[in-house]
Amino acid sequence: MCTSGFLLFCMRRSFFHLKFVFRKSITSAYSPQRRRLPQNYTTMEKDQLILSIVKSEDFEEALDIFWKHFMPNEPVTGLIGCHTAVGYRIYNLDLLLREMLQSQTCFMAKDQKGNIIGIAFCTVILKKDDTTIHELPTRDEYLCQGWPVDFTHILLLLDHLGYHPNIMNDKKVNQLLDIFAVVVKPNYRRMGIATQLITKAITEAQLVDIPLVTVVCTSAFTQRCCAKLGFNAENTIFYKDWHYKNIKIFDNNKIDPVHPAAISYYKYI
Ligand SMILES: CC(C)(COP(=O)(O)OP(=O)(O)OC[C@H]1O[C@@H](n2cnc3c(N)ncnc32)[C@H](O)[C@@H]1OP(=O)(O)O)[C@@H](O)C(=O)NCCC(=O)NCCS
């Protein structure tokens, strides 16, 4: 999962959730850079992929893709044993994603037949005040907001990796674009689509003079994307070491060695 304490922000949207409309959805294609790839690795070429803002007629499909293909596959939801059966949705999270879609800060990749094959859910966050250091939200606060107990483990982890009020103070910016979640349909993975979606988010943020892009990557695959795209790593938490109030959260036996840690990144643009 990509992002951090911003979840609380979004719930307090009177201050933070900017109804920010990116430049009108101009479909564009991004040509992936040439790079050495494993033999079974193919890339979607420039004319095979259409990148654009998610439009209202695609909102429900975008959400379906998140619930069907993000939740069961994202490393941390698996670690906490979050319920991922078909049809299951976390009300608060679904609402949060809908708000991001309505703010027109989410990007999709479509194939030539018009099928959505990947989504980047993003949000623009505004600085609220000049307080130097903001306290992180607590589990009780999240529970009061209606988040399920198991999912609070994820929210607290994300907050510890990067809490947006503190990031904005630290980086001296008044707004940022946070890439909250990136998902690509299973049959289209490892073709460079996540990399292109993140690139699209950066490009659109640049167009509207947003100075900073942030993302928390819980997957080694998106971590590779960010490293390749010139993001700076800020904080790293190894899943085996993560404790909240002296309680170890993850079972070492369940940690996938491919995805050992979550890393927060930022990029000035
Ligand atoms: C993570 C995810 C979005 C990656 O999408 P993708 O389109 O396959 O990513 P890309 O093709 O751009 O690949 C990015 C990097 O990860 C590597 N990678 C991707 N899938 C891989 C795999 N199964 N095994 C090994 N490496 C892999 C790629 O090789 C690439 O690195 P490289 O450029 O150094 O070769 C996708 O796997 C997914 O939807 N997972 C479920 C949800 C999730 O975990 N989201 C991210 C949470 S932060």
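Predicted model: local features only at pLDDT ≥ 70, side-chain atom pairs only at ≥ 80, totals over all residues.
Two strands pair if DSSP finds at least two bridges between them.

β2 and β3 form it, with five residues between them. Look at the turn: Gly114 sits there with a positive phi of about 90°. The pairing of β2 and β3 is antiparallel and covers five bridges. Strand β3 is residues 116-126. Across the pair, Lys110 stands opposite Ile116 in β3.

Now the other partner. Strand β1, residues 50-53, is antiparallel to β2, and four bridges join them. Here Ile50 stands opposite Lys110 in β2.

Is β2 mostly covered or mostly exposed? Mostly covered. Strand β2 is residues 106-110, and four of those five are buried.

Let's step back to the whole chain. It has ten helices and nine strands. There are 269 residues, and 41% of them count as buried. Take the contacts between residues at least 6 apart in sequence: 79% join residues at least 24 apart.

Next, the core. The largest nonpolar core has 66 residues. Which residues have the most contacts inside it? Cys106, Ala120, Phe121 and Ala201. β4 gives this core its largest share, eight residues.

Zoom in on Phe121. Set aside its neighbours within four places in sequence. Phe121 is then in contact with Phe66, Leu97, Met100, Cys106, Phe180 and Ala181.

Where does the shell come from?

Last stop: Arg190. Arg190 is in the loop between β4 and α9. Why does Arg190 count as partly exposed? Because Arg190 has 15 C-beta neighbours inside 10 Å, and a residue needs 20 or more to be buried and 12 or fewer to be exposed. Arg190 and Phe221 are 31 residues apart along the chain, and their C-alpha atoms are separated by 8.9 Å.

Notes
Residues numbered from 1 in each chain as written. Core = buried A, V, L, I, M, F, W, Y, C linked by C-beta atoms within 7 Å. Helix = DSSP H or I, 4+ residues; strand = E, 2+ residues; numbered from the N terminus. Contact = placed C-beta atoms within 7 Å.
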